[in-house]
Amino acid sequence: MKKTACLLICAFAVLILFPMTARADIGPKPSVVVDFDGLDTHTYYATLLSRQRTTGPYSAPGRDGAYLHYNKDDEDYGIFLKFTEYEDADGYYFLQFFSDCTQTHRFSWTYYPPREFKILLYFPETDSFVVSDKYER
């Protein structure tokens, strides 16, 4: 009994002398979710073009091909290259994040989406793009 009491007192003393701080990242975060209608018969990919070259972990590819988030072994590398080749008339940037929306008809950018953006769709069957007007989240 003495041994158990001594052990509990020592454990309590350690907790008091060396407190641990718990930190959490809480609260709602900005996100952008886009639902598409009328594209049921098409294969298409979506992304957001950003007015800024970077947001959170996402950034535009370097001018010399540096900082690429995809490589030749990735399944959608060809689609990635199409998005990198797109030149926006207003100078908005592709930040190397895109999704195949063919099945879900929804695009979600839930971690640090651009504040000002355009929606860019790529249709591989016709090798064509459709770009929206400017939006703010």
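H105 sits in the loop that runs between strand 6 (99-100) and strand 7 (106-109), where helices (H or I, at least four residues) and strands (E, at least two) are DSSP runs numbered from the N terminus. The model is predicted, and local features need pLDDT of at least 70, side-chain atom pairs count only at pLDDT 80 or more, and totals for chains, interfaces and linings use all residues. Residues are numbered from 1 along each chain as its sequence is written, and side-chain values use heavy atoms, with hydrogens and water left out.

With a relative accessible area of 15%, H105 is buried; buried means under 20% relative accessible area, exposed over 50%, and partly exposed in between (1.4 Å probe, protein chains only). A polar atom of the H105 side chain lies 3.2 Å from the backbone oxygen of T102. For comparison with the cut-off, a polar contact is a pair of N or O atoms within 3.5 Å; within protein, one must be able to donate a hydrogen and the other to accept it, and residues adjacent in sequence count only if both atoms are side-chain atoms. Neighbours within four places in sequence aside, H105 is in contact (heavy atoms within 4.5 Å) with V34, D35, F36, L39, D40 and Y44.

The next element to visit is strand 7. Strand 7 pairs with strand 1 (residues 32-35) in the antiparallel sense, over four bridges; two strands pair if DSSP finds at least two bridges between them. In this pairing, V34 stands opposite F107 of strand 7.

In soluble globular proteins, nonpolar side chains tend to be buried together. Here the largest nonpolar core has 18 residues, and those with the most contacts inside it are F36, Y44, L48, F107, W109, I119 and L121. Such a core is a set of buried Ala, Val, Leu, Ile, Met, Phe, Trp, Tyr and Cys residues joined through side-chain atoms within 4.5 Å. Two or more residues of this core come from each of strand 1, strand 2 (45-50), strand 7 and strand 8 (116-123), and strand 8 gives the most, with four residues. Another core, of 11 residues, lies apart from it and has Y45, F80, Y92 and L120 among its members. Back at F36, and again leaving aside neighbours within four places in sequence, the residues in contact with F36 are Y44, A46, C101, H105, R106, F107, I119 and L121.

Charged residues come next. Side chains of opposite charge can pair when their charged atoms come close. The structure holds five salt bridges, each a side-chain nitrogen of Lys or Arg within 4 Å of a carboxyl oxygen of Asp or Glu. In one of them, the side chains of R106 and D35 meet at 2.6 Å, N to O. Because R106 lies in strand 7 and D35 in strand 1, this pair ties together parts that are 71 residues apart in sequence. R106 is partly exposed at 42% relative accessibility, and D35 is partly exposed at 48%.

K118 and D88 form a salt bridge too, with their closest N and O atoms 3.0 Å apart. This pair links distant parts of the chain, since K118 belongs to strand 8 and D88 to the loop between helix 2 and strand 5 (93-94), 30 residues apart. Both partners are buried: K118 has a relative accessible area of 5% and D88 one of 11%. Salt bridges that share partners join D88, D90 and K118 into one network.

Finally, the aromatic rings: a search of the whole structure finds 21 aromatic pairs. Rings of Phe, Tyr and Trp (its six-membered ring) pair if their centres lie within 6.5 Å; planes under 30 degrees apart count as stacked, over 60 as edge-to-face and the rest as tilted. The F80 and F94 rings, with centres 6.0 Å apart and planes at 55°, are therefore a tilted pair. F80 lies in helix 2 and F94 in strand 5, 14 residues apart, and both are buried. The rings of Y111 and Y112 have centres 4.7 Å apart and planes at 85°, so this pair is edge-to-face. Y111 is partly exposed at 46% relative accessibility, and Y112 is partly exposed at 46%. Ring pairs also link Y45, Y70, Y77, F80, F83, Y86, F94, F98, Y122 and F129 into a cluster.
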